[in-house]
Every structure is written in structure tokens, then in C-alpha cells.
Amino acid sequence: MGTRVPPFQSSSDPSLQQSTLRQQSLTTKLFVSKKLKIGLAFGGGGARGLAHIGVLKVLEANRIPIDVIAGTSIGAMAGAVYALHPQASVLEERTLAFLQAPAFRESGLDLFKKKKEGENFFGQVSQYVKERIVINLAHSRPSLVGGWRIARTVEFMLEDKNFEDCQIPFVCVATDLVSGKEIIFRRGNLRQAVAASMSIPGFLPPVPGNNRLLVDGAVVAPIPLHACKRLGADMIIAVDVSQPVTDGASCENVVDVIFRSNTILSHHYKEMLLDYADVVIRPNVDGVHWSEFRSAKALIAEGERAATEKLPEIRRLAEKKRSLWQRLFG
């Protein structure tokens, strides 16, 4: 709980009035005069989320302080590793090692291959449904692959630590299928929370617990602006690695129409969320399929390029906010 500012009490003694006012002024300064907290909000996007690594490399190299981090899906993984080890090189080396390890092949992330330009995961699933490959599975199982696959990935990337062990305050987001609510994890086991945040609905099974069924946080928070703000961020840098709504999508049947409508809805919801960000970094990953993890180095480099482009805006806004606080409360 924050410092409580005592109410001013009227008195006929001028010296008591001045003393009380000085005390109130000092307490007020202690309450509001704090260090500007810069937060990162990492969005979901499968392999496109590898661009988050490049963003971190640039912010770190240019001494942009990161005080809090919030992540959704692949953004939860990137954020968790960096929050535990605030060195972009650690996250990059661990990611590249994972992509060469048996754990990557066991993860099932190579099961879905790109068939159309710009095709997202849900479009890929719809294609398999139309080809009748997974129809029988869909009637009898909650997911295409087992939950152990994401567990292997999380175990490789993350130590068995808790949120309280993070060097940078961190939260991640999942979606509760029971209540329909956004679930923000900020304490407890990191691996379990990140696994829930990355459980792509339909591809991976929901994660049960506490009367909840948890799936990918991108369902309710494609970019976790709300969670980042709740963690105390005064200035939020959002990293959007989603795909835009492009012209020319096929709408030849019921499945196409349903998925196209969902894509449009998700896009406009995400854009509304981004109104709450102070700076938005958008790496140019539009044509990258969600499963193209083998393009890691190129995606990291694109994250670096996009973040470098935004550095003047980040510095200008941070300085403006700091100056305003100094004038008001300094």
C-alpha cells in the first residue's frame, strides 16, 4: 500500500498550519515523486516473436532502462527469460540453442508448414480441417498435440523459478475459457504461467487449475497493455509482431468466412489496445509464418532495425515525461 497523505486540519495557530502544510507537502512528494517506470509489453505471434530479442538488444545497448515487463504467448517466454537474466545475449543464445536441440523437434512447432503467404495459425488449422486430416481428432480431443510438448519447450528455456526470483518485475497473461477473463500471473511458478500463456487453443490443450481452463493470452490480450500498466509502468513500449489484415483473402466457404471474420475482429481489438501504448514498435514481419522459427536470425535482426528506428521517439517521450514530473513534483 502506498504512503498515505494526511488530511490538512484547520487551526487558528499559524505556526501549526505552516507545520502541517510542510508535512503534507513532503509526504505528497514522497508519494508522487518516483522514478519514471518504463514498461515493455511483448505481444504474441509465434516465430515472429523472435523479433522481441532484437528489440531488447537495441534498448539494452542504448541504455534505455526497462523497469517492468509484461508478455503474452511467445512474448511471455521472451519476457520471462529476460526478467530473470537482464541480458539480451542470454535470451538470444538460449533461443538459438533451443532451435538446434531435440526439444525443438519434440515441441511439434514444425508440424504446421506454411502453405499460403501470410497465413496465420488459425488459417492453417482451417486448411487442415478442410483437408479432413484432423476431423476425427477434433471430435475426441481438446488439442492436436499433447501438453507435454510445450512443457519441454518451457523447461529448456526457463529455469524452475518463481516470479519473485525475477530481477525485473514481470507478469504474463493467459485466457480463462471458463470465465472468459484475462488472467494476469505475477506470482508463483514461472514455467507453469508461461506454459499457460503459450497454450495455443486447438493446437495445445488448455491448462487446468483453480477451477480454470487456461489458454493463450493472445485471445484476450494480444498485446498485454493492461497487465503492463497494472505492474506500475508510467511509459509503455509495446512490441507488435502480429499480422495485419490484408486484401485478397479467400472467402470461398463457411470455414474461410468464419476465420476471416475472427481475424478482422482480433485486428481491430488489438489496434484499440495499442491506443494505450506510448510507443509502438512494429517489426516488419508481415509475411513471416508463425512457425518459421528457423528464420530466427533474420527475425532478431528485424527487431533490432525496428527498435533502432524508434529510439529517437522513445528518448524524446521519456525526457518529456521526466521533465513534466520534475516541474510538478521536483
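This is a predicted model: local features need pLDDT of at least 70, side-chain atom pairs count only at pLDDT 80 or more; totals for chains, interfaces and linings use all residues.
Local features were kept only at pLDDT of at least 70 and side-chain atom pairs only at pLDDT 80 or more, while totals for chains, interfaces and linings use all residues. Residues are numbered from 1 along each chain as its sequence is written, and side-chain values use heavy atoms, with hydrogens and water left out.

Side chains of opposite charge can pair when their charged atoms come close. With a salt bridge taken as a side-chain nitrogen of Lys or Arg within 4 Å of a carboxyl oxygen of Asp or Glu, the count comes to 12. One of them pairs Asp67 with Lys35, with 2.5 Å between the closest N and O atoms. This pair ties together distant parts of the chain, 32 residues apart: Asp67 sits in the loop between α2 (51-61) and β2 (68-72), and Lys35 in the loop between α1 (14-32) and β1 (38-42). Helices (H or I, at least four residues) and strands (E, at least two) are DSSP runs, numbered from the N terminus. As for accessibility, buried means under 20% relative accessible area, exposed over 50%, and partly exposed in between (1.4 Å probe, protein chains only). Asp67 is buried at 17%, whereas Lys35 is exposed at 51%.

Then there's Asp240, which forms a salt bridge with Arg282, the closest N and O atoms being 3.2 Å apart. Here the partners lie 42 residues apart, Asp240 in the loop between β7 (235-239) and α11 (254-274), and Arg282 in the loop between β8 (279-281) and α12. Asp240 is buried, at 5% relative accessible area, but Arg282 is partly exposed at 43%. Through shared partners, salt bridges join Asp240, Lys270, Glu271 and Arg282 into one network.
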